[in-house]
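Visitor: I am new to reading structures. Please walk me through a few features.

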Amino acid sequence: MATLPEIRPEASIDANHAAFIERLTSDGFTGDIDTRYATRLTLATDNSPFQQLPAGVLFPRDEADIARAAQLLAKPAFADVCLTPRGGGTSTIGCSLTAGLVLDCSRYMNEIGTIDSEAGTVTVQPGVILDKLNNTVADHGVFFAPNVAPSSRATLGGMVNTDGCGRGSRVYGKTSDHVRAMRVVLADGTRCVITRDSAEVTSDTTDDQRLANIKQEVGKRVHDNAAEIERVFPDLSRYLSGYNLAQAVDADGRIDLIKLICGSEGTLALVTELTLDLTPKPDTHVLFALRYPDFDAALRDARTLVAYQPMAIETIDDVVMGLARDNPIYERVRAMIENTDGSTPAALNLVEFSGVGGLPDDVTAFAEALAAGQSTATGHYRAESVEARNALWDLRKSGVGLLGAAPGTRKPLPFVEDTVVDPQHLADYVADFRALLDSYGLSYGMFGHIDVGCLHVRPALDLTDPDDEAIMRAVTDRVAELAASYGGLLWNEHGKGFRSEYNRTVFGETLYAALAHIKRAFDPNSQLNPGKIVALDDARVPLASMDAPTRGTFDRQIPATERTTYKPALDCNGNGACFDYDTNHVMCPSYRATHDRLHSPKGRAGAMREWLRQLAKHDCHAADLPAARTPLVLRALVDAYRRSVAKPSHDFSHEVWTAMDGCLSCQGCSTQCPIKVDVPTFKADFLASYHGRYPRPPADYALAGMEAGAALAARMPKLSNRLLRNRSVRQMLSQSVGLVDPPPLSDPSLPRFLRAHPEWRFSEPDWVAMAPADRARAVFVVQDAFTSFFDAPVMRDTLQTIAALGYRPLVLPFRPAGKALQVKGFQPEFERVARRQAAFLASIADLGRPLVGIEPSITRMYAHEYGRLDDIDAPAIQPIERWLRQTLETEHTAHAAPADHGVPTHTLFQHCTIASSDTESARDWQRVFQSIGLSLATANVGCCGMSGAYGHEARHRDISQTVFEQSWAPAYNSVTSQPVVPGYSCRSQLKRFAAAEPLHPMQIIQHQFTPRARDPNV
């Protein structure tokens, strides 16, 4: 029988980098230094196909920390140490992947400084995220115009390093066009302030000639190669980045180092502060969605459309459109994009106009041209509302996710996704591009910025297949040649990264040599992101190449069966959507609370991938690791002994456990991740295997028995609560068991209430004896431990509401659902409980009446977690809000006329799992409230931080509180209408950290139907 081996990967840090880290610490580095293998794995990938393990990660607190690191680099003893700045980790071509040290400013250097409205500027640190900046300056009527797609996690420092742009770049330009000044640290620790027309050394530690020499070298190389620069650099609206020699010297002969540093991928200098120009924010928008019979027609029409000077023209091809039809996004846009016969168009062009104080006159001319048939579009929709425009742009943004979630082992990869040609040649170029991909038998989707000739193309490959890995290289070579034949480029907005090897061909040897001279002037020892853009010493660090190891290089070492079983972990493509800065976003609360990328779906997926790979190296498969099947009580005793005699070990499995243990199992990633990386599912599988060798925390066992224990304690609520309030008991629970803040049981209890209302208790004999008319009005209510034993008034009000509607509520006998067992990886026990409960519920469903559930997390579990088990066919359990909405709408039994309150009477604080997985739930509650004369708004909140029992575990309490304070606390404190909270965990968290006693929506609804006097039974 297989046992979990001790895993010690061969991943030690080389002596030079280890010595550097030790010295940096002693020199007073105040930030964090992380050399954990799991953390390094997290930063070994980005949104590209490549994988390169760094030696460690530096998280500086300020510019002084960065200068300390750079000054140390200049010491001869550390000549082989290199440093690579990294932003949001969203690069699609490995720009910041390195074997050296990563410099990540996102954790601490993320402050927004002075906003100067008069000058139209803002000062920011490099770790500031684009969306955060624009949300902060929005009240001033301005914004930072470059609009990269991953704006929710892309940092300004990262945008500088790649000279990022995106939608609207034809009008607004690139990042470099909006940088007024920057503070940088050079490779030797020199601190500089650089502006458009000047640069000065502000550090006293180096010769004042340092920067002057750099400027002199830049000027010389540009002057000496002026003719070659004019010949080689294409005449495109998007200049060639890395390094932008064509704009490094302005018309007056002034050296513009900002144009060089922007797009240099951190190879020239380390940015510590930016002064950015802000642009008046358009306040008027209109978006036209133009339909086409084929993609070629959409591309060719761009020549006509661009003449009207829209802010942006974006296209979507037939492949993406087809995938969208089976996605929830489609319902939001159906009425705006479908042809008159109800069919989906083969392609769309989205044409947006915007203005400040009104739309430009071109809009009228454009609309008239469409009406006159001057476009080849077969129809169009004019979207003016915010909701309509957002829905259409979300469709465009969903392209990457739709392609990535397509079935099959081949997945779309971004290695040739940002080619650019003159828009006039785009249609012909795309036809040749498609023929090239078709010749390899590849599937792909296309979308992009056709107003500037930039198309995003992601051919689908399975890089665990060496033949497909070779195809990636071959296709890149041929696409580079194809783009050049049209006067275009292989890249234009996503950097060079592992495509740097093509620089020799694109620039030619003369200009490539000039680039090398400039690199040497800034970074003589090639210690800043070496190998990217140019290589000063090919023998030491060669130019980054498409032949570099990919994720597939490592993943193919995992057996194929394991790759299938743990597909959600291996499918993670590193897009970084889980790094969304918005604290009200559902995904991922543990990352936002810790700012530790390991504690994210991406980090956990990467750790899981490597764990599976390491197991395979030990000739062990995760599927072969047996789950413990001895009784829980016996295992708890054995584990107590194992904990007492355990010795420290350096097993990599411990790091994986740390990553998984930090997960709240809120399931936001299973719906909000574009690739649907479902961490809670493979987390449970991992925990089952891990605890086959290592002891569980005692809290796991307490939680495993929570449902049965609560049912027993509810028979004696007064005694149970007296024990829970006892200081010694609470101290024992905290210190010995690891549980804090145990909630009291309901007193009076649900059993007492049902004794007073026996007609609402289900039993088989009573059902058999029931009159047919009563059976026809029966509604089965499925109990859950949270509502029944800890919040019985909610169950009471639910039953009374069902009865008030003329139905017969029948409370089913309580049976454990197994939620804690599943979350904690007690797999055999969970499967046993699930099968027993599913069989019971199926027998009730056979009686032909609806089953409803109250607690949202449990109701979802029957469909989600139960649905993943073989040989289980659990019946549908309707959320109570859905049953109510359908009943009120179909039978017209509302007790009050719909009301339209100017201000909502109530605000719904939705359970995060349901908010992300069942978008209809909030609408159901709203329609129910409307039908009884009330109005309901929905609060914009993420996770409350409780997530079942997570917040009750002592080791998670602080994280739980941080999550609550980031999202729920400010929203709850600022709400003006009465809050209603469906989730029991959420109500508990509000009681614990806000001293609040929020009501369940059913308590409001019940009161509207039957205002009640005090019932002594509950």
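Guide: Helices (H or I, at least four residues) and strands (E, at least two) are DSSP runs, numbered from the N terminus. Cys588 sits in the loop between helix H21 (567-571) and helix H22 (589-594). This is a predicted model: local features need pLDDT of at least 70, side-chain atom pairs count only at pLDDT 80 or more, and totals for chains, interfaces and linings use all residues. Residues are numbered from 1 along each chain as its sequence is written, and side-chain values use heavy atoms, with hydrogens and water left out.

Visitor: Which peptide bond at Cys588 is cis?

Guide: The bond from Met587 to Cys588, with omega near -5°. Another cis bond joins Asp747 and Pro748, where omega is about 5°. Pro748 lies in the loop between helix H31 (727-737) and helix H32 (750-756).

Visitor: What is the phi of Gln667?

Guide: Phi is positive, about 70°, although Gln667 is not a glycine. Gln667 belongs to the loop between helix H25 (652-661) and helix H26 (668-672). Lys676 also has a positive phi, near 60°, and is not a glycine. Its loop runs between H26 and helix H27 (679-690).

Visitor: Is Gln667 buried or exposed?

Guide: Buried means under 20% relative accessible area, exposed over 50%, partly exposed in between (1.4 Å probe, protein chains only). Gln667 has a relative accessible area of 4%, so Gln667 is buried. Lys676 has 37%, so Lys676 counts as partly exposed.

Visitor: Where is Arg832 found?

Guide: In helix H38 (residues 827-845). Its relative accessible area is 47%, so Arg832 is partly exposed.
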